[in-house]
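User: I would like to learn how to read surface and core features in a protein model. Could you take me through them one at a time?

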Amino acid sequence: MTGLLLEVFIYLAAAVIAVPLAKRFGLGSVLGYLVAGVIIGPVLGLVGSQESVTIQHYAEFGVVMMLFLVGLELEPAMLWRMRSRLLGLGGLQVSISAGLFAAIAWQFGLDWRTAVAVGLLLSLSSTAIVLQTFQEKGLNKSEGARSAFSVLLFQDIAVIPMLALIPLLAIPELMSGAALAADDGHHDMSLVAGLSGWMHAAVILLSIAAVVVAGHFLTRPLFGFIASTGLREAFTAAALMLVIGIALLMNLVGLSPALGTFLAGVVLANSEFRHELESDIEPFKGLLLGLFFITVGAGVQFALLVDEVGLVISLTLGVIVLKAAVLFVLALVFGVRRADGWLFTLSLAQAGEFGFVLISYASQTKVLPDDLVPVLLLVVALSMFLTPLLFIAFDRLVLPRYASNTEDRESDKIDDRGPVIIAGSGRFGQIVNRMLRANQVPTVVLERSPEQIDNMREVNIKSYFGDATRPDLLLAAGIEEASLFVIAIDGEEQTLALTKHLKHAHPQLKVLARAYDRGHLYALREAGADWVVSETYHSALQLGQQALRALDYHPFRAHNLTAAFDEAESKGRDALYEQWLKKDEDENFGRGFQSLYIELEEALHGLMLYDRDDGHSRSERGWTPPPKDYAASLVADPGLGKADGSDTD
């Protein structure tokens, strides 16, 4: 018991120390876990390789749970929508990479069946590392990340036929020298022991079908019954029971537990209990997945690496370079260009955690000779070690290069003219442009992002590449003939500078600007903008109105309160602006502004209590004239000032 607690303490302490340090240096949590394993294993010898192998059996449940959660995110309808990329990008990557690796292995003298197994296991990439790194770096929505996800998803699914195929590749010479004995006591429990290769494959397919059918028809009533009891711990236990039960079934038929839980997750993707399952499994997944990577690091055989350093390093780099070459060509073919193409290429160039699973499975089924297994384990582990470095290369070498190219790119030749020039075609500028174009108003749109220009051109909206803060580009865009300029670019300082330039160099021009917040709004107004709109004000106002309706306010009452709120804001705008101008340079708003703001808030509360329907008929169809002096009550409070076209949030 003491020994077990000591080992658990060592693993947790290593993770607690190494992972925050790795993240602080921008290396990612996965590399932190791997380094922690290397430190407590081969470097300090606090845990032995045998203990690491034993713990890895439990830690593999992190991969199992991760695949279950990935499956929960994959609705069948979404899989169907992704079919072209799944089969195109994913299918070609796996088949081409596996074919090349198998051909090379065969040329090096391996048996063709062993060569096929090596090709298959090296064609897979690390779902755990790549998805977690995408999430940590906020790359999930990029085109490169979406394409990489399609490949990873296909790989995860492709492991199923791979595991069914591997027993058929068993080499009789290897089987005759040793029995298919397992390396632990659990492998004597098997439903496929002694079966022929074809029967083995049939049992595997039947087991998969059983998981799909049972997951669809049995889990919903089960979880519904448990949820009705209101016992959260019972639901957590049921979620763990589901995952462990499927893993047990997969083990009994010689399949990877991760595959079974992945399928179960896909089956439950449309379940009403999906989010509860995710929240219950997530903590176990994170902890066990980290433990899995620590054991991979602790299990690195440095003695073999030292003895065969040239071979192992060459094989590792060869795997990365060959996979990267295949991925780069596929990125070009499928139109994943520029930084996205490099992200797609570098993120998937490693071998993956399923490589460990396939190596173990192929070794048990006597497809891989014993002397090849530790070398392959080392190659897969080292390629995973190098993955964070590939992401660092992407951040520090690839992204600056494309950013620099964007800066150096010459502006487009502008051949349009219009009364309105719009700077920026992001989410805000697009709406303004669409509204004007819908009313047959010609516009000239300037945009600094090539990707945004490409996106707009896909929907037949024309824009020109260029920096709208450059006076020469503004002249080329026809600013001398324009009557209106809409500023919708990001960057508070750039917006202010552009406003000042426009009002100084082209005073006849009306300038409409988007403000980030209240302080930015006042600064733009001070710079001379004719109309300023806070980017979130009106959407927040509408949401507030919907919130009142959701709280059972009558729609007319909610509309009136919203209008009253907007009116009060308008009334106080000038007065607040005057106080803001009096602030000191080191103040954000000034004490006078704060005092007036508090006063206006109190007046706003009083205004909300006023019911304009007082004196009206409250029947649905009835109507009576408004009470006496009703119109006078709507006159602006003299103390609040005159409204202008500005807005605030």
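**Surface patch and nonpolar cores**

Analyst: In this predicted model, Val 35, Ile 39, Val 43, Leu 44 and Leu 46 make a nonpolar surface patch of about 420 Å².

User: Which residues touch the most other members in the largest nonpolar core?

Analyst: A nonpolar core is a set of buried nonpolar residues joined through side-chain atoms. The largest one here has 134 residues, of which Phe 68, Phe 293, Phe 344 and Leu 368 touch the most other members, and helix α19 (residues 373–408) gives the most to this core, with 15 residues. A second, separate core has 36 residues, including Ile 489, Leu 496, Ala 515 and Val 532.

User: What does Phe 293 touch?

Analyst: Leaving aside residues up to four places away in sequence, Phe 293 touches Val 30, Tyr 33, Leu 34, Ala 128, Ile 129 and Met 384.

User: Which value does phi of Gln 440 take, and is this residue buried or exposed?

Analyst: Phi of Gln 440 is near 60 degrees, a positive value in a residue that is not glycine. Gln 440 lies in the loop between α20 (427–438) and β2 (443–447), and because its relative accessibility is 69%, Gln 440 counts as exposed.

Notes: Residues numbered from 1 in each chain as written. Predicted model: local features only at pLDDT ≥ 70, side-chain atom pairs only at ≥ 80, totals over all residues. Heavy atoms only, no water. Patch = residues over 30% accessible without salt bridge, like charges linked within 9 Å, V, L, I, M, F, W, Y side chains within 5 Å. Areas by Shrake-Rupley, 256 points an atom, 1.4 Å probe, with all protein chains shown as cover. Salt bridge = Lys/Arg side-chain N within 4 Å of Asp/Glu carboxyl O. Core = buried A, V, L, I, M, F, W, Y, C linked by side-chain atoms within 4.5 Å. Buried < 20%, exposed > 50% of the residue type's maximum accessible area, 1.4 Å probe, protein only. Helix = DSSP H or I, 4+ residues; strand = E, 2+ residues; numbered from the N terminus. Contact = heavy atoms within 4.5 Å.
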